[in-house]
Amino acid sequence: MARLTARTRRLAMAAVSVLALAATIPGCVAMATEDPRSPEHRQDGKRNAMQSPSSAQSRSPSATAPAAPGRVSDSITHESETPGKAVNLTIDDGPEPIWTLKVLEVLKKYDAKATFCIIGSRAKEYPELVKKVVAAGHRLCDHSVDHNTAMDKRSEPYQQQQILDARKMILDAAGRDARVFYYRAPGGAFTPYSREVAASHGMRPLGWNVDTHDWTNPGVQRIVDAVHRDLHEGPTILFHDGGGNRSQTAAALDQILPWLRSQGYAFGYPKV
Ligand SMILES: [Zn+2]
């Protein structure tokens, strides 16, 4: 039995290596559009919220390094810090020159605030876009350096590097006064360890409730419909400004934002 288990584990590790390689290839998010079960679309943002916080204790990096000031909870947040009827718009995988600007334009049109989950390597490439996001009053979220959606299968040092290097890249781009409020694992690939690393650096793990699947370019109406249909699940809605042509996202937001307003929703931020 033990032998079988070890063999199974080796096979699993081999599969994971292949997945990890694929996930680090730029544009792989868009390439995975045919598979609804792709890691980018796992509901880990929800599932991990159910994990016991105690599972993080034994592997906590804070056992060797003191917690930084401003430590936050390591449980995955979904609710809005805005009281009453509110949504949290979250925009992932940027910044990208055309689509981040387009999304910022639509948000401004409806005076809506959002949380941008930024890929570290892209922040380094487009620091002026990160500055624009902050200047418009939106919040920043660490979305790792390389957007490896299998990073939950990688070593703890790798996970730590992906999270903390991205935080530094985002802050270098945004300016010294900026704050990175959240950490969202690429594809929701959180681990107890990665949540602890983020929390100990003041970044609350961030999940989602409504997945619009906008990154698969399903058509503007389907993105709009997903919000109408699934908003009862909770306030945090997932969109993308990176990973490909996001014209459908921008057009959908142009319908969704006034609809949300008409329904009495405020645009808030996730609870830190
Ligand atoms: Zn992402």
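1. Two strands pair if DSSP finds at least two bridges between them, and strands themselves (E, at least two residues), like helices (H or I, at least four), are DSSP runs numbered from the N terminus. On that basis I118 of β2 has D142 as its bridge partner in β3, and β2 with strand β3 (residues 139–142) pairs in the parallel sense over 4 bridges.

2. The model under discussion is predicted, with local features needing pLDDT of at least 70 and side-chain atom pairs counted only at pLDDT 80 or more, while totals for chains, interfaces and linings use all residues. Residues are numbered from 1 along each chain as its sequence is written.

3. Strand β1 (residues 86–94) is joined to several strands. With β2 the pairing is parallel over 4 bridges, and T90 stands opposite T115 in β2. With strand β7 (residues 236–240) there are 5 bridges, also parallel, and here I91 stands opposite F239. With strand β8 (residues 266–268) there are 3 bridges, again parallel, V87 having F267 as its bridge partner. Of the 9 residues in β1, 8 are buried, where buried is taken as 20 or more other C-beta atoms, placed from the backbone, within 10 Å of the residue's own.

4. β1, helix α5 (residues 97–109) and β2 form a right-handed β-α-β unit; right-handed is used in the sense that, with the strands pointing away from the viewer, the path from the first strand over the helix to the second runs clockwise.

5. In β2 (residues 115–118), T115 and C117 point one way, F116 and I118 point the other way, and all are buried. F116 and I118 are also among the members that touch the most others in the largest nonpolar core, which has 55 residues; such a core is a set of buried Ala, Val, Leu, Ile, Met, Phe, Trp, Tyr and Cys residues joined through C-beta atoms within 7 Å. Leaving aside neighbours within four places in sequence, F116 is in contact (C-beta atoms, placed from the backbone, within 7 Å) with I91, G94, V133, H138, L140 and C141.

6. Helix α8 (residues 156–174) has buried residues that include Q159, I163, R167 and I170. Just after α8, G175 takes a positive phi of about 110°.

Technical notes:
Buried ≥ 20, exposed ≤ 12 C-beta atoms within 10 Å, placed from the backbone. Contact = placed C-beta atoms within 7 Å.
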